[in-house]
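Please keep the sequence and the three-dimensional view at hand while reading.

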Amino acid sequence: MIAAINSFISQTITYAVVYTLTSLGIVIAGRAGIFNVSGEGIMLASASLGFIVSFLSQNSILGFIVGAILGGIFGLILSSLHERFKVNQFVLGISLVILGTGLSDLFYKLIIGIRLTAPRAPKTPTISIPFLNKVPIISAFLNQDIIVYFLYIVIIFAWWFYYKTKIGLETRAIGENPKAADVVGVNVTRRRILSTTIGSILIGISGAYLPIVITGTYTPDISAGRGFMAVGIAIFASWRPQRAILGGFLFAAIEVLAFRLQVLSQRIPYQFFLMLPFISVLLVMMLFKKQIEFPASVGKPYSRE
């Protein structure tokens, strides 16, 4: 029984990396007033290119770095076009989703092509803490790959940055009232571009994590709508980093549970179980709609004139 629980938690944490890093990336941009809905496209493009690099170099870390860089480029494009030309953030986001979807297949077909056997990603290094790695339940959290530990550090750092530092307070002020932040000397445009780029780097790592760690190989549409679900998690989290990890774990647990139910229930079509995470997002949004808070300026353009 304990072994089954341990296995469930361990698998949930693996999937939580995808949901949490993506939603945290959206939260970071949203705190500066940019509503980044391009997560699905960033994940797909980073998954493809990150996997290709890791496979060709046989170095998974290099794949994550390339995925992060590509994600950052997407974020830089989104924020720069919005700030320079005041293009609607949602239009830009959807355009980047389409671009990322197209690039993901293009990269793979041009570089890998068609093979008789699916190429496999190299193994990602894991960290195992002596003594604790044998304690039930706790070992599920600590006997993980290095990206899981990266997630733990990023969540703690994001909370500390936004609630314990002056720069974090200024960035939150931009999300609430950019004009007031501008009056006291904060460079609103630069901070928005930087926040969106950093957030998109996290989304890029999340995308690369899918083929390198979770599936071990790349398939078209590998993100399967998780980038859109992460938008719901960011809203559910009220744009707070510490809540993003709770949302990530919740929906990851639902997805893992759906996978296991598919195996146990042969009579119910598997498509029903695939719908469960999406239905859960809608239910959670309905249940917590009164507790959800938005930064006042998120999604809105800002001009000094």
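Helices (H or I, at least four residues) and strands (E, at least two) are DSSP runs, numbered from the N terminus. The model is a predicted one, in which local features need pLDDT of at least 70 and side-chain atom pairs count only at pLDDT 80 or more, while totals for chains, interfaces and linings use all residues. Residues are numbered from 1 along each chain as its sequence is written, and side-chain values use heavy atoms, with hydrogens and water left out.

Ser238 has a phi near 55°, a positive value in a residue other than glycine. Its relative accessibility is 2%, so Ser238 counts as buried; the term buried means under 20% relative accessible area, exposed means over 50%, and partly exposed lies in between (1.4 Å probe, protein chains only). Ile137, which is not a glycine either, has a positive phi of about 70°. This residue is found in the loop between strand E1 (126-127) and helix H5 (138-142). With a relative accessible area of 33%, Ile137 is partly exposed.

Attention now turns to helix H6. This helix comprises the 19 residues 146-164 and should span 27 Å at 1.5 Å a residue; its end C-alpha atoms are 26 Å apart, which agrees. The expected span is 1.5 Å times one less than the number of residues.

Which residues of H6 and H7 make the contact between the two helices? H6 and helix H7 (residues 166-176) pack at an angle of about 80°, with their axes 5 Å apart. That makes H6 roughly perpendicular to H7, a description used for angles of 65 to 115 degrees, whereas angles under 35 count as roughly parallel, over 145 as roughly antiparallel and the rest as oblique. The contact (heavy atoms within 4.5 Å) is made by Phe161, Tyr162, Tyr163 and Lys164 of H6 and by Lys166, Ile167, Gly168, Leu169, Thr171 and Arg172 of H7.

Aromatic rings form a further topic. Rings of Phe, Tyr and Trp (its six-membered ring) pair if their centres lie within 6.5 Å; planes under 30 degrees apart count as stacked, over 60 as edge-to-face and the rest as tilted. The structure holds 15 aromatic pairs. One of them is the stacked pair of Phe51 and Phe55, at 6.2 Å centre to centre and 10° between the planes. Both residues lie in helix H2 (residues 39-57), 4 residues apart, about one turn of the helix, and both Phe51 and Phe55 are buried. The rings of Phe157 and Trp160 have their centres 5.6 Å apart and their planes at 45°, so this pair is tilted. Phe157 and Trp160 both lie in H6, 3 residues apart, and Trp160 is partly exposed, with a relative accessible area of 42%. Phe35, Phe90, Trp239 and Phe294 form one aromatic cluster.

The last stop is Gly75, in helix H3 (residues 60-85). Gly75 is buried, with a relative accessible area of 1%. Residues up to four places away in sequence aside, Gly75 touches Thr196, Thr197 and Ser200. Gly75 and Gly25 are 50 residues apart in sequence and 9.8 Å apart in space, C-alpha to C-alpha.

Key: Axes fitted to C-alpha atoms, helices over the stretch in contact; angles between N-to-C directions.
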